[in-house]
Amino acid sequence: MKLPVATFLTDLDFIRVMYIVAFSMFIVGMQRLTKPSTARQGNIIAGIGMAIAVVATLLIPSVGDYGLIALGIAIGTIVGVPAARQVKMTAMPQMVALFNGVGGGAVALISWSEYRHALEHGGNPALETLIPILFAAIIGSISFWGSNIAFAKLQEILPGKPIVLPGQQVINALLLLAAVAAAIAIATGSESEGLFILILVAAAALGNMVVLPIGGADMPVVISLLNALTGLSAAAAGIALDNTALIVGGTIVGASGTILTNLMAEAMNRSIPSIVAGGFGGGGGALAAGTGGGEDGRTATSTDAADVAIQLAYANRVVVAPGYGMAVAQAQHTVRELADELEKRGVEVLYAIHPVAGRMPGHMNVLLAEADVPYDALKEMDEINPEFPQTDVTLVIGANDVTNPAAREDQGSPIYGMPILDVDKSGQVIVLKRSMNTGFAGIDNPLFYNENTSLLFGDAKSSVADVLSEIKEV
């Protein structure tokens with residue numbers, strides 16, 4: 001005889017109420033993520049909601065094998081917690097890609113397991129279950145393997161430049177056709193685990209082949225797109241399993257990821273199909289080291305820390321435009337120290353944040369938040385661009401393509417039409433770079449040769465530290 005408390009806890013109506021509470025916390029948490037000042041709180045709220053959803057799922061009477069579930073949770077905790085705590089902020093994009101891929105891979109394996117279970121108990125499941133299983137298998141496998149390639153590119157295990165094979169688009173079409181044809185064969189009555197494995201393998205190869213030709217310039221959009229695919233596959237798995245948590249959670253992730261992907265594509269003035277087609281970005285060769293020449297023979301002007309210090313110390317307003325170079329050098333804390341010193345002297349310091357600066361959406365926001373930069377000092381592109389004409393000095397730290405005036409002026413440029421930070425409209429522009437290498441898009445930046453632009457060559461963290469030291473002597 002069950003105790004009244006046990007009966008109440010396993011009552012399906014009580015479990016549904018727990019799910020409703022969990023989903024409400026998901027939505028509130030996501031809403032809090034829209035502002036840097038409340039993002040951490042939003043993560044906590046959504047995390048508590050997920051914990052409630054997991055407990056609710058475990059209370060369902062039909063759930064068994066609690067020992068295996070506990071083992072899985074233990075393994076995930078042992079691997080996930082140290083990895084998340086120890087990862088450097090510069091490596092956050094690749095961790096996001098890797099963890100997102102794990103989600104897609106889990107969904108693909110669940111789909112395979114469910115199909116095997118159905119075959120062992122009488123054949124193919126009903127179509128309302130089978131179709132979501134097949135969809136989840138295809139999308140989950142694409143997401144897992146595509147995310148692995150994104151991780152390898154970000155981690156520089158693979159080259160960041162596009163890797164395009166002969167007949168790339170034809171191969172992709174054949175792989176998609178093979179996966180879809182096998183799924184249709186199963187859905188129309190074929191009972192074959194071999195066909196299901198073919199779906200997983202074809203989708204896996206497609207995931208690899210789709211991301212390999214995509215260059216570093218498009219990587220923020222790719223990460224967002226793969227995140228959306230993982231959410232959609234999870235929602236499909238939830239429909240197949242009749243699991244409310246997976247359906248709602250996956251739908252939220254899929255919808256938010258899709259919206260973010262579209263926003264990122266718009267920020268780059270690139271269509272999503274053109275991004276998936278690949279072949280753009282990844283960086284070109286170095287133009288020169290130190291003082292370099294542009295494609296039309298123009299010469300960039302180099303400067304030193306002492307001159308930069310004088311310009312900054314006597315400015316009224318300074319805008320910092322960070323990019324991936326700041327992340328690589330881990331210069332965010334030194335940048336904050338520089339800003340503190342300038343503010344002591346009455347200089348207004350703001351930060352210009354481009355939507356796709358770095359290698360994932362919000363990359364610069366995360367780095368600057370880690371350095372305790374005040375949230376109200378972070379200005380999005382649309383907010384800061386009108387302020388550049390009234391800015392005395394803009395300090396560009398490792399940002400390249402997102403400050404390239406060719407996007408605004410050169411109709412023949414691959415990035416023409418991409419919204420940029422209008423740093424060239426400032427009184428003076430100081431660019432911190434290691435060399436004259438191009439950015440992810442692999443094209444020259446005319447900003448470097450403007451009369452009001454000077455380049456300070458070297459590691460960003462060391463350069464900022466040198467400037468800070470000089471300012472203290474002014």
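Visitor: Let's start with Asn-365: which residues is it in contact with, leaving aside its neighbours within four places in sequence?
Guide: With those neighbours set aside, Asn-365 is in contact with Ile-353, Leu-378 and Glu-380. Please keep in mind throughout that this is a predicted model.

Visitor: Okay, and where is Asn-365 found?
Guide: Asn-365 is found in helix H15, which covers residues 363-370 and lies across E1, strand E2 (348-353) and E3, running at about 145° to E2.

Visitor: Does Asn-365 count as buried or exposed?
Guide: Asn-365 counts as buried, because its relative accessibility is 18% and the cut-off for buried is under 20%.

Visitor: You mentioned strands. What is the order of the strands in the sheet?
Guide: The sheet is an open one of 6 strands, and the order is E3-E2-E1-E4-E5-E6, with parallel pairing. Strand E3 (378-380) and strand E6 (453-457) stand at the edges with a single partner strand each, so one side of each has no neighbour in the sheet. From one strand to the next, the twist averages 25°.

Visitor: How many bridges join E2 to E3?
Guide: There are 3 bridges joining E2 to E3, and the two strands run parallel.

Visitor: What about E1 and E4, over how many bridges do they pair?
Guide: Strand E1, residues 317-322, and strand E4, residues 393-397, pair in the parallel sense over 5 bridges. Here Val-318 stands opposite Val-393 in E4, while in E2 the bridge partner of Val-318 is Val-349.

Visitor: Going back to E2, how many of its residues are buried?
Guide: In E2, 5 of the 6 residues are buried, so this strand is largely enclosed by the rest of the structure.

Visitor: Let's switch to helices. At what angle do H5 and H6 pack?
Guide: Helix H5, residues 92-120, packs against helix H6, residues 127-154, at an angle of about 155°, and their axes are 7 Å apart. That angle makes H5 roughly antiparallel to H6, because the cut-off for roughly antiparallel is over 145 degrees. As for handedness, the crossing of H5 and H6 is left-handed.

Visitor: How do the residues of that contact between H5 and H6 divide?
Guide: The residues where H5 meets H6 divide into 15 nonpolar, 11 polar and 1 charged.

Visitor: H5 packs with H8 too, I gather. How far apart are their axes?
Guide: The axes of H5 and helix H8, residues 193-211, are 11 Å apart, and the two helices pack at an angle of about 170°. That makes H5 roughly antiparallel to H8.

Visitor: Which residues make the contact there?
Guide: On the H5 side the contact is made by Ala-108, Ser-111, Trp-112, Tyr-115, Arg-116 and Leu-119, and on the H8 side by Glu-193, Phe-196, Ile-197 and Leu-200. The residues of this contact of H5 with H8 divide into 7 nonpolar, 1 polar and 2 charged.

Visitor: Now Leu-175, where is its place?
Guide: Leu-175 has its place in helix H7, residues 168-187, and it counts as buried at 18% relative accessibility. Apart from neighbours within four places in sequence, Leu-175 is in contact with Ala-202, Ala-205, Leu-206 and Met-209.

Visitor: How far are the C-alpha atoms of Leu-175 and Ala-46 separated?
Guide: Those C-alpha atoms are separated by 37 Å, and the two residues are 129 residues apart along the chain.

Terms used: Residues are numbered from 1 along each chain as its sequence is written. This is a predicted model: local features need pLDDT of at least 70, side-chain atom pairs count only at pLDDT 80 or more; totals for chains, interfaces and linings use all residues. Side-chain values use heavy atoms; hydrogens and water are left out. Axes are lines fitted to C-alpha atoms, for helices over the stretch in contact, and angles run from 0 to 180 degrees between N-to-C directions. Helices (H or I, at least four residues) and strands (E, at least two) are DSSP runs, numbered from the N terminus. Angles under 35 degrees count as roughly parallel, over 145 as roughly antiparallel, 65 to 115 as roughly perpendicular and the rest as oblique. A crossing is left-handed if the near helix is turned anticlockwise from the far one by less than a right angle, and right-handed if clockwise. Ala, Val, Leu, Ile, Met, Phe, Trp, Tyr, Cys and Pro count as nonpolar, Asp, Glu, Lys and Arg as charged, and the others, Gly among them, as polar. Two strands pair if DSSP finds at least two bridges between them. Contact means heavy atoms within 4.5 Å. Buried means under 20% relative accessible area, exposed over 50%, partly exposed in between (1.4 Å probe, protein chains only).
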